[in-house]
Every structure is written in C-alpha cells, then in structure tokens.
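Have a look at the picture before reading on.

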Amino acid sequence: MRPLALATAFAALLAISGSSYAADITWSVGPSFGGAEGHLGILTNGTLVAAVHTRGSTGPAEVVDPAGLDIAFTPIDAASFTGTFIDPANGIGDPVWSAIIADFEWQPGQDVTATDLLAGLTPGETYQVQLFAGRSHTCCANRSQRFGDGNGHFSPSIDFAPLSFVSIVGTFVADGATQTLVFDDSTNNPALSAYVLRDVTGLPEPATAPWAAMAGLAAVLGQRRRPSA
C-alpha cells in the first residue's frame, strides 16, 4: 500500500475507533430509588437492553420485584473499579433491590473513565442509561458524585449523604458499539451500585420534571397491585 493510502486508512481507523465510544450524553436527575418503594424508581420506558449490578463478582441473576417490575439484574465484576463495599441496611423495601444498592463497586483514590461498561450498542440507536449510586453509611455527608460522557458533558452532581438515593439519567445516540462513562467524585472515590440500559429509539425525550410524576404513578400502581392485609 502506498504511504498516502496507508496514512488515510490509518486516519480512518482512528476516527472509527475514537467515535465508537464517545457519543455526547444529555444528562438529567432521575427518580429516587430509596425507601419502601425504591425499586419503582427504575425507569421502564423503551426496551430493556441490560440491567447490571456492579458488585465485584459474577453470579446468578438477581430479580427485582418478580410480581411487578420483574427486572433481572446481572452481577458483574466491572474492570473499571477495583474496590467493593457492602453498606449497612438502607431501609429499601424490596429485598433484592436493597441488596443491589448496598453491595457496590468503587475506585479508591481516583476518578474512573470506563470505556467498556456500556457495550453491544447499535450505532444510530438512541439509548437511555440510568445510574444508581447511593449510601446508607454515615461516612459520606460531604461527598458528591457526577457522571460524564468523555466529551466534557457532565450530569448534575448527586449528594452522597446518608440515605440519599437519587438516580442520574443519560440519553445518547450511539455512534459505535461502546460508550464511555466518566465517574467523577468530589473526593476521588467514585462508586456505582447498578445501571439500567434501555433502547428508547423513536420515543420522545422526556424533560427532567416528569421523573417525579412517573415515580409517583409507579408507586400508586405498586400499592394497587399488592393484596390487602
């Protein structure tokens, strides 16, 4: 191959590899996922692609609310995090969801750029990722965490204060098979309990405000489907 053709091909390869994981993400604050009905803060719009529990080890699927949401989370050992932690009781009602939130991965002493956490994407499809990171431990009253896309676009910060369970939602159009996620913690100790990835191609992009209404409606429906004592 001639030098010019080789250089052109190499540049094209770099462009493809660089764009395969760095789509811009639009961020918003999502529903709360704590308390007795915390599992109803898991969004269900679009088509489920993956529900993942970052706990530092693999194992059988963990099914949240089998009589209602019936979402099976896959436990993984995420390569981007090296530490694991199990929080004290968090007051979340659904026992499986409670365990998922309490048992998480974190990175001691440095922020994380994960290029392999979201994979298997189809370029051109629109995805929604909902990230869950919260603490019941009293150690973190002065900590906050935000999430990024690798292109300088960051979510609002979430408080890592005790019993603060607020999700972050990101929407993006995939331009490759993977998508970068950045975990930026105010003390350089980022954490992640779980995430849910959904394909929302063709659906209208929701504004931030309706999340609370959606979570409230889910709670009402959850109460209606439960048998009376």
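Is Gln 130 buried or exposed, and what is its relative accessible area? Keep that one in mind while we get our bearings, and note that this is a predicted model.

## The chain at a glance

Let's start with the overall layout. The chain has three helices and 14 strands. Of its 229 residues, 44% are buried. If you take the contacts with a separation of 6 or more, 79% of them are between residues 24 or more positions apart.

## Back to Gln 130

Now for the opening question: Gln 130 is buried, because its relative accessible area is 1% and the cut-off for buried is under 20%. You'll find Gln 130 in strand E8. A polar atom of its side chain sits 2.9 Å from the backbone oxygen of Gly 41.

Who else is around Gln 130? Leaving out residues up to four places away in sequence, Gln 130 touches a list that includes Pro 31, Gly 41, Ile 42 and Leu 43. Ser 167, Ile 168 and Val 169 are also among the residues it touches, as are Ala 194, Tyr 195 and Val 196.

## The open sheet

Strand E8 belongs to an open sheet of seven strands, and the order runs E1-E11-E8-E14-E2-E4-E3 with mixed pairing. At the edges are E1 (26-32) and E3 (62-64), each with a pairing on one side only. On average, neighbouring strands here are turned by 25 degrees against each other, ignoring direction. Helix H2 (residues 95-102) packs on this sheet and touches E2, E3, E4, E8 and E14. The direction of H2 makes about 120 degrees with that of E3.

Strands of a sheet pair through backbone hydrogen bonds, either parallel or antiparallel. Strand E2 (residues 47-54) and strand E4 (residues 71-76) run parallel and are joined by three bridges. Along this pairing, His 53 stands opposite Pro 75, and Val 52 stands opposite Thr 74. With E3, E4 pairs in the antiparallel sense, again over three bridges, and here Val 63 stands opposite Ala 72. E3 and E4 make a hairpin with six residues between them, and Asp 65 in the turn has a positive phi of about 50 degrees.

What about the two faces of E4? In a regular strand the side chains alternate between the two faces of the sheet. In E4, the covered face holds Ile 71, Phe 73 and Pro 75, while Ala 72, Thr 74 and Ile 76 are on the uncovered one.

## Nonpolar cores

Which residues have the most contacts inside the largest nonpolar core? They are Phe 172, Phe 183 and Tyr 195, in a core of 29 residues. Strands E7, E8, E11, E12, E13 and E14 each supply at least two residues of this core. The largest share is four residues, and it comes from E7.

## Aromatic pairs

How many aromatic pairs does a search of the whole structure find? The count is ten. Take Phe 147 and Phe 183: their ring centres are 5.6 Å apart and their planes are at 85 degrees, so this is an edge-to-face pair. Phe 147 lies in strand E9 and Phe 183 in strand E12, so the pair ties together parts that are 36 residues apart in sequence. Both of these residues are buried.

Elsewhere, ring pairs link Phe 33, Phe 73, Trp 97, Phe 132 and Phe 165 into a cluster.

## A histidine in a loop

One last stop: His 153, in the loop between strand E9 (144-148) and strand E10 (158-159). His 153 is partly exposed, with a relative accessible area of 33%. Its side chain makes a polar contact of 2.8 Å with that of Asp 149.

Not counting residues up to four places away in sequence, His 153 touches Asp 24, Ile 25, Trp 27, Phe 147 and Gly 148. His 153 and Val 182 are 29 residues apart in sequence, and their C-alpha atoms are 9.6 Å apart in space.

Definitions and conventions:
Residues are numbered from 1 along each chain as its sequence is written. This is a predicted model: local features need pLDDT of at least 70, side-chain atom pairs count only at pLDDT 80 or more; totals for chains, interfaces and linings use all residues. Side-chain values use heavy atoms; hydrogens and water are left out. Two strands pair if DSSP finds at least two bridges between them. Axes are lines fitted to C-alpha atoms, for helices over the stretch in contact, and angles run from 0 to 180 degrees between N-to-C directions. Contact means heavy atoms within 4.5 Å. A nonpolar core is a set of buried Ala, Val, Leu, Ile, Met, Phe, Trp, Tyr and Cys residues joined through side-chain atoms within 4.5 Å. Buried means under 20% relative accessible area, exposed over 50%, partly exposed in between (1.4 Å probe, protein chains only). A polar contact is a pair of N or O atoms within 3.5 Å; within protein, one must be able to donate a hydrogen and the other to accept it, and residues adjacent in sequence count only if both atoms are side-chain atoms. Rings of Phe, Tyr and Trp (its six-membered ring) pair if their centres lie within 6.5 Å; planes under 30 degrees apart count as stacked, over 60 as edge-to-face and the rest as tilted.
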